[in-house]
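Hi,

Here is the structure I promised to pass along.

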Amino acid sequence: MVTQYFAACPKGLENLLFNELKALGADDVRETVAGVYFSGDTSLLYKACMWSRLANKILLPLTAFSVSDEQALYQGIYSLAWEEHLDIDGTFKVDFLGTNQSIRNTQFGAVRVKDAIVDRFQKQRGARPSIDKKQPDLIINVRLSKGKVHVSLDLSGQSLHRRGYRQRQGEAPLKENLACAVLLRAQWPMITEQGGFLIDPMCGSGTLLIEGFMMAADIAPGLMRSYQSWGFTQWQQFDKNLWDDVITEAKLRKQVGIKKCIENGFECRGYDRDWRVVNAAESNIERAGFEEWIRVSCKPIEEFIKPTHKPMSTGLLIANPPYGERLGEEKELEPVYQQLGKVLREDFIGWQACIITSNQNLAKKMAIRAQKKYKFWNGTIPAEVLTFSIQPENFFKEIENISSTNSSGKPLNISSKITFDDLSEGSKMVCNRLKKNKKQLSKWLKKESIECYRLYDADMPEYAAAIDIYANNVHVQEYAAPNSVDENKATQRFQDLLDAVTVALDVDSDHLFIKQRRRNKGKQQYEKEKFNNSYGDARAPIAVAEGKASLLVDLWSYLDTGLFLDHRPVRKMIASMAAGKQFLNLFCYTATATVHAVLGDEQSGKSGATSSISVDMSKTYIDWARENYKANNINLERHQLIQQDCLRWLQSCRQGFDVILLDPPSFSNSKRMEDVLDIQRDHAGLIKRCMELLNPEGTLIFSNNLRSFTLDEMALTNYAVKNITEKTLDPDFQRNRKIHHCWLIKNTNQ
């Protein structure tokens, strides 16, 4: 009998899954968001479960009906013939997603579904099945969306990405089905057919290598899963003989595939600088039984070269390197990407390469032109899969972020001698806007004694840049123009903006710092230049004043400067709150907030924090923070600076604090971290751990700059949460209200 099924997958994999299911023999295949509908008989269902390398779940849709309230949900579920699917002595669990005005949380929805099922069994059979949340016989999937409930049976059981071999994982683990998607984007099946090898110089727990070998050897991804892990083996309509046939076929194909790999002398090689994750990879490889074909060893990228034990003329080098969410981390990671590109250019001519990244700036440090780019979602994290053909014609010289040349390689014209009459019409409009903004802010700046502020933030969209004032210095950071904008036109607009800046602000080149984003075109090469070459690369940081603090900024080395101007009100608030308190600053950046906490509030005359701890993983930032402390005569014994992964430090901390600032990046998968940080996904857990460290009358300040961020209020109902975002936006950031979010969080007994 032909039945319709639904295969769920991560966003961005729909087309790959469509092709995979078609190849398995599915009919009526149709893509939708995060999944594919398909039709087939029971044999196809079992094959899809056994062979899909990309799906998370295979669902059997039962019904869909409108729901206005919880009673309608109950009646709709009660009407289904559950006795056709579940034995009276069996167990089940309900996965419920979605809410509406009557069903306000998923737990309540799951309970009403459970009630309807057991009540039907009681009436029909006089007894009822039991609930088992850990290892149920049947999983019932219920999704409430737009007033309609969709009810399905989860026939795959545990998520299909769980193959059964990965018991240990390293840093920034990549799920198995996502690893397969990357390998498919990199054309790995074609490369292995041509006798190519597979190398991962940053292998982590070995997922890409193991999945790559399974594809090369035609090993079904479901072959290692236990009998109990499937969602259909206790289903009333399970056909054991048909399932045994699918298993037998998969085992035969594995034998043939491994024999072919032996004949071709196939192997995979993996390396990683961390011996702990290498041990994890070895454990996973051994559990899979692939140690004869996959070898891993501890080696940093600086020592990585192409293996020489046998000829390897072709193959795929694949890597999921770390990338920095914050720009100081990005600077530290540049040598990793540069070294990777260097080795590819020198040792891997004729190979293919594939890199997973969400940081285009770092990817460019490889100095190899990507052949194709694919959008990629690792959970909620947007990234790209970049594929490369390692051939000399695709090499180019790395591009610097900071430039005094335009996209044609010609020097930008920076002159303080032009007048308003010399400006183009576009420049005149920008010039007038800058003068208007400066006049509007002048009274506020004078009243608050502020010398560092944002003057312009793409107020006129065609002149897209942020212009910040640091005392008598002007910092201009160009926003990348859309690809639809002609390159020459974008260059001219930026030149017009610079002309407007020099006239409106009467600034000369010595005090003008420009950060321009440029496109690479063809084999064009760029040289790094400073606007004022007499300073060289060793120019000292500039000290600027903010309240009682003297803070060091770097206006030329990085895209960020060491001082987030939009957080000025938060720092001022902390200066007042921290008087006589113990202060903790997590993801502290250059510790400017701690400097304010220690110095105290200038206006009220309050003293500062008695002690503080500031934690950040970046050595660059901690060193920078130490210089800020020295500039303000802060005692480094009472006010500690700790270079460590904040997530790891939080778990080991046993000290209490009165005021905590939690201001994490939106996302980070740095190699020095034990796990990926995704602030949308992880913020509730981070907040709860901070609240455990908070003294009874203390306050947690939680902030982040993810524009699409939504606070998980349901997970934080035990605390008093107050959104203070509007109060933390000074006049210079009122036109960009999504630049950050900020909350005060306290214990409810206060």
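Please keep in mind that this is a predicted model.

I started with Ile58. Setting aside the neighbours within four places in sequence, Ile58 is in contact with Tyr5, Phe6, Ala7, Phe38, Leu45, Ala48, Cys49, Leu153, Asp154, Leu155, Ser156 and Leu160. Another core lies apart from it, with 31 residues, including Leu647, Trp649, Ile679 and Leu686. As for the largest nonpolar core, it holds 102 residues, and Phe38, Ile58 and Phe213 are the ones with the most contacts inside it.

Next, the second largest pocket, which may interest you. It contains about 1,100 Å³ of space. Its lining is made up of 40 residues, with Asn56, Ser159, His161, Lys175 and Asn177 lying nearest the centre. Two or more lining residues come from each of strand 1 (3-8), helix 5 (176-185) and strand 14 (372-378). Helix 5 gives the largest share, three residues. Sorted by class, the lining has 14 nonpolar, 14 polar and twelve charged residues.

Finally, a look at Ala363, which sits in helix 11 (residues 360-364). Is this residue buried or exposed? Ala363 is buried, because its relative accessible area is 5%, and the cut-off for buried is under 20%. Beyond the neighbours within four places in sequence, Ala363 is in contact with Tyr337, Thr357 and Leu386. Tyr337 is 26 residues away along the chain, yet the C-alpha atoms of Ala363 and Tyr337 are separated by 6.7 Å.

Best wishes

Definitions and conventions: Residues numbered from 1 in each chain as written. Predicted model: local features only at pLDDT ≥ 70, side-chain atom pairs only at ≥ 80, totals over all residues. Heavy atoms only, no water. Core = buried A, V, L, I, M, F, W, Y, C linked by side-chain atoms within 4.5 Å. Buried < 20%, exposed > 50% of the residue type's maximum accessible area, 1.4 Å probe, protein only. Contact = heavy atoms within 4.5 Å. 1 Å grid on protein atoms, 1.4 Å probe; cavity = no way out; pocket = protein on both sides within 12 Å on 5 of 7 lines; lining within 4 Å. Points joined across faces, edges and corners; volume = space filled by probe spheres on them. Helix = DSSP H or I, 4+ residues; strand = E, 2+ residues; numbered from the N terminus. Nonpolar A, V, L, I, M, F, W, Y, C, P; charged D, E, K, R; others polar.
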